[in-house]
Amino acid sequence: MKRKSIQILKENKNYWLPIIFLIILAILAIIAPLIPIDPNATDVSQMSTGPSLKHIFGTDEVGRDYFIRVVYGGRISLLVGVLAMIASTLIGTFIGIVAGYFGGWLDSLLMRFVDILSSIPWLVLVIVLSVLLKPGLVTIIFVIGCFSWMSIARLIRAETLSVKEREYVIYAQFIGEKDSKIIRKHIFPAVLPTLIVAATGSISSAIMTESALSFLGIGIQPPVASWGSLLQNAQASLQQAPYMAILPGLFIILTVYSFNSLGNYLREVTSVEG
């Protein structure tokens, strides 16, 4: 797989920039606490100043360095995206494999439950739950992770239905292997490539949802910054400091694009391997 993945990167250079961007973003998120700039330190003499050598992204309405605010905002947005992806992937994988493998009344029950949740406008559901629960990082991760797994469940169920008809699975059932062992040894490894691609896309979706909720004021709460909350704060300064909206918005677009490109790359790798 390593050789073929490198070959795909050589053949399609469009994947290089998104991957490099994500690596740089991840490094910045990790080393953010080591950067000797306080993201909450105010300077009234430097309020809403444009980009300069001292402040490469300028400052916000209370004189805070905007570069470090964007870096910390990216740290929170990526954290929400990754943790919400893990939660939704775990739930969706479990529901999808159980429904697809066992079938019958259990499959019908689980899929009807998925249909009910899918019929509710998802963003409306997330907004309502975010209002009912205490706004904050944990709430955002919980809400997005626990209510964004339905598409993954459908996808994994379809893959499981296909895999369980393969000869080696039928033979394992015939010789009396336990269902849990068959799922662990045969079903899960077969659906894993599809799961990896789906998980990559769910990170983009989680980041977009968090940004939308924070922009509406019911997501990440001050003084903690995320890209969505930075956009929300920038509304009052659009005319005098347009960079305050442009920079976090640009990072959201580039990050979502990069994760989608990564998903396309992984899809090519797994399809080549298949």
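Analyst: The structure is a predicted model, in which local features need pLDDT of at least 70 and side-chain atom pairs count only at pLDDT 80 or more, while totals for chains, interfaces and linings use all residues. Residues are numbered from 1 along each chain as its sequence is written, and side-chain values use heavy atoms, with hydrogens and water left out.

The whole chain comes first. The protein has 11 helices and 0 strands; helices (H or I, at least four residues) and strands (E, at least two) are DSSP runs, numbered from the N terminus. The C-alpha trace spans about 75 × 50 × 30 Å along its principal axes. Of the 274 residues, 45% count as buried; buried means under 20% relative accessible area, exposed over 50%, and partly exposed in between, with a 1.4 Å probe and protein chains only. Among the contacts in the protein with a separation of 6 or more, 70% join residues 24 or more positions apart, where contact means heavy atoms within 4.5 Å.

In an unreviewed entry, UniProt places the feature "transmembrane region" at residues 15-35, 76-102, 187-207 and 243-260. The annotation "domain: ABC transmembrane type-1", also from an unreviewed UniProt entry, covers residues 74-263. UniProt positions are given in the numbering used here, feature names are shortened, and annotations may be inferred rather than shown by experiment. In the model, residues 76-102 are 100% helix and 0% strand, with their end C-alpha atoms 39 Å apart. The span 74-263 is 81% helix and 0% strand, and its end C-alpha atoms lie 20 Å apart.

Axes are lines fitted to C-alpha atoms, for helices over the stretch in contact, and angles run from 0 to 180 degrees between N-to-C directions. The crossing of H3 and H7 is right-handed; a crossing is right-handed if the near helix is turned clockwise from the far one by less than a right angle, and left-handed if anticlockwise. On the H3 side, the residues that meet H7 include Ser88, Gly92, Gly96 and Tyr101. Their partners in H7 include Ile152, Ile156, Arg157 and Leu161. The residues of this contact divide into 8 nonpolar, 7 polar and 1 charged. Here Ala, Val, Leu, Ile, Met, Phe, Trp, Tyr, Cys and Pro count as nonpolar, Asp, Glu, Lys and Arg as charged, and the others, Gly among them, as polar.

H3 also crosses helix H9 (179-215). The axes of H3 and H9 come within 7 Å and cross at roughly 145°, and this crossing is right-handed. The residues of the contact of H3 with H9 divide into 17 nonpolar, 6 polar and 2 charged.

H3 and H9 are also among the elements that cover the buried residues of helix H6, as is helix H5 (122-132). Those buried residues of H6 (residues 137-146) are Thr139, Ile140, Ile141, Val143, Ile144 and Gly145.

The nonpolar interior is next. A nonpolar core is a set of buried Ala, Val, Leu, Ile, Met, Phe, Trp, Tyr and Cys residues joined through side-chain atoms within 4.5 Å. The largest such core has 31 residues, of which Phe57, Tyr66, Val70, Trp227 and Phe251 touch the most other members. H3 supplies at least two residues of this core, as do helix H2 (16-31), H9, helix H10 (227-234) and helix H11 (243-273). H11 gives the most, with 8 residues. Not counting residues up to four places away in sequence, Phe251 touches Phe21, Leu25, Phe57, Val70 and Trp227. A second, separate core of 15 residues includes Ala84, Ile140, Leu213 and Ile218.

H10 is mostly covered, with 6 of its 8 residues buried, and Trp227 is one of them. In H9 lies Ser204, which counts as buried because its relative accessibility is 3%. Leaving aside neighbours within four places in sequence, Ser204 is in contact with Val256, Phe259 and Asn260.
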